[in-house]
Amino acid sequence: MSASLPPARASTVDERSIKIAPGQTRLGGSDGPSTAVWAYNSAVPGPTLRLRQGRSVRITVENGLDEDTTVHWHGIRLPNAMDGVPGLTQPPIKPGETFVYEFTPPDAGTFWYHPHTDSLVQLGRGLAGPLIVDEAEPVLVDRDLLWLLQDWRLAADGQIAGGFGGAMDASMSGRVGNAVTINGRAPAELGVRAGERVRLRLVNAALARMMALRFEGHRPVVVAIDGQPCDPHEPENGRLLLAPAMRIDIVLDMQGDPGSRHAVIDDFYDGLAYTLTNLVYDKVSPLRAHPLDASVGLPRNPLPEPDLANAMRQEIVLQGGMMGGGKLAGVGGMPGMGMPGMNGGAAWAINGMSMTGDGDAGMTPQFMLERGASCHLTMRNETAWWHPMHIHGFSLSVLSRNGAPTPHRQWQDTVLMAPKDVIECAFVADNPGDWMLHCHVADHQMAGLMTVFRVK
């Protein structure tokens, strides 16, 4: 269940290759049925790309599908032409063709990669992979583990259910599945040893499933969010809120008794809590008598600090979707429409504009920024639903939520907005190009909850 993370190779440019193609996997383990999937290098999730901070990588992607695709390097601050949005930043990769992505990751941390073409179907059929950029001086731990979490809607025969893009999913909470996997398998127990310290990298690669993880009998310490180090802290009420596309790095000191078992519970949805997995302690004596006496803080990445006093102010308002009681929310520009989200239509809007699909060359920017300017961005969620809002090309300094200052110095590329939330963020527009900003519940993005802004 834990992924091994091999060291990066030594050369001037790190050369990698990925082939995207249909494949088969056993999501339930070796005894379960074989499920038809789409995969990177025949694996679900795709191979862990372990890169070095500040060192160039060249990744050749070959498309073995019968439809167009691209790869988006989620959370990496890279040149616009490498961002993987079809039409907007690159031509789609046609069947049988290749595209070479080349960039130099400026930030260490936990990231991931996924398609940005036919996103709902391609993500939902398995296309996701972890990307880790190592710190020059990593935090001192006994083990560095990765859990890439995916959520599948499976039919009775173990195959992926059809019906992608249904109107109910589009206008409500998205395509939440009925099976959760860790690193592409039904969760097995995680064997641990008393006294050890573990760094656990959590990646939510689900289409729509929100998660709230509790490690019973343990006190996880959050050391990074979305790849960016924060002030080490214990999560509020002991729950790690992990929305689609988000990553949280935690440090766990294993203080349970030898031979004990402790559940990891996901209780995000009321009345639908379940045990994701269990931490099972070996019966051997503890590795050490007391927790490691070493800092868990990570070195900061070179993020430019926004100048709030002189920042340009922008606001985006999230609108639409289904309201309580089956009532449709009004969305500007869509008067008199029927069921929202029908036949790929719009169910959502940002500032009254609905951009549906995956991105294209004709998208009008919501706002424009001069290169180097600071931007103070207010995001208002006027809907009845949760939205993890993802910004491409940048990381946002999260300033406040509903008027309360954000603690722990948090930078995020995917900011989870609860219904009616108002969140204040800021960033420096130091990366030129047309950049997407969208909800990472794939159904919501495809049904209109995305926009574009331009850095000139």
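Trainee: Which residue lies over the face of F164?
Mentor: That's R175, at 3.7 Å from the ring centre. A charge sits over a ring if NZ of Lys or CZ of Arg is within 6 Å of the ring centre and within 35 degrees of the ring normal.

Trainee: And what sits over the ring of W38?
Mentor: The charged end of R125, 5.8 Å from the ring's centre.

Trainee: What should I know about the model itself?
Mentor: It's predicted: local features need pLDDT of at least 70, side-chain atom pairs count only at pLDDT 80 or more, and totals for chains, interfaces and linings use all residues. Residues are numbered from 1 along each chain as its sequence is written, and side-chain values use heavy atoms, with hydrogens and water left out.

Trainee: OK, how many aromatic pairs are there?
Mentor: There are 13. Rings of Phe, Tyr and Trp (its six-membered ring) pair if their centres lie within 6.5 Å; planes under 30 degrees apart are stacked, over 60 edge-to-face, the rest tilted. F367 and F453 make a stacked pair, 5.3 Å centre to centre with 15 degrees between the planes.

Trainee: Why does that pair tie parts together?
Mentor: F367 is in strand β22 (residues 367-369) and F453 in strand β31 (residues 450-455), so the pair joins parts 86 residues apart in sequence. Strands here are DSSP runs of E, at least two residues, numbered from the N terminus.

Trainee: Are F367 and F453 buried or exposed?
Mentor: Both are buried, meaning under 20% relative accessible area; exposed is over 50%, and partly exposed is in between (1.4 Å probe, protein chains only).

Trainee: Which residues do ring pairs link into a cluster?
Mentor: Y40, W73, F99, Y101, F103 and Y113.

Definitions and conventions: Helices (H or I, at least four residues) and strands (E, at least two) are DSSP runs, numbered from the N terminus.
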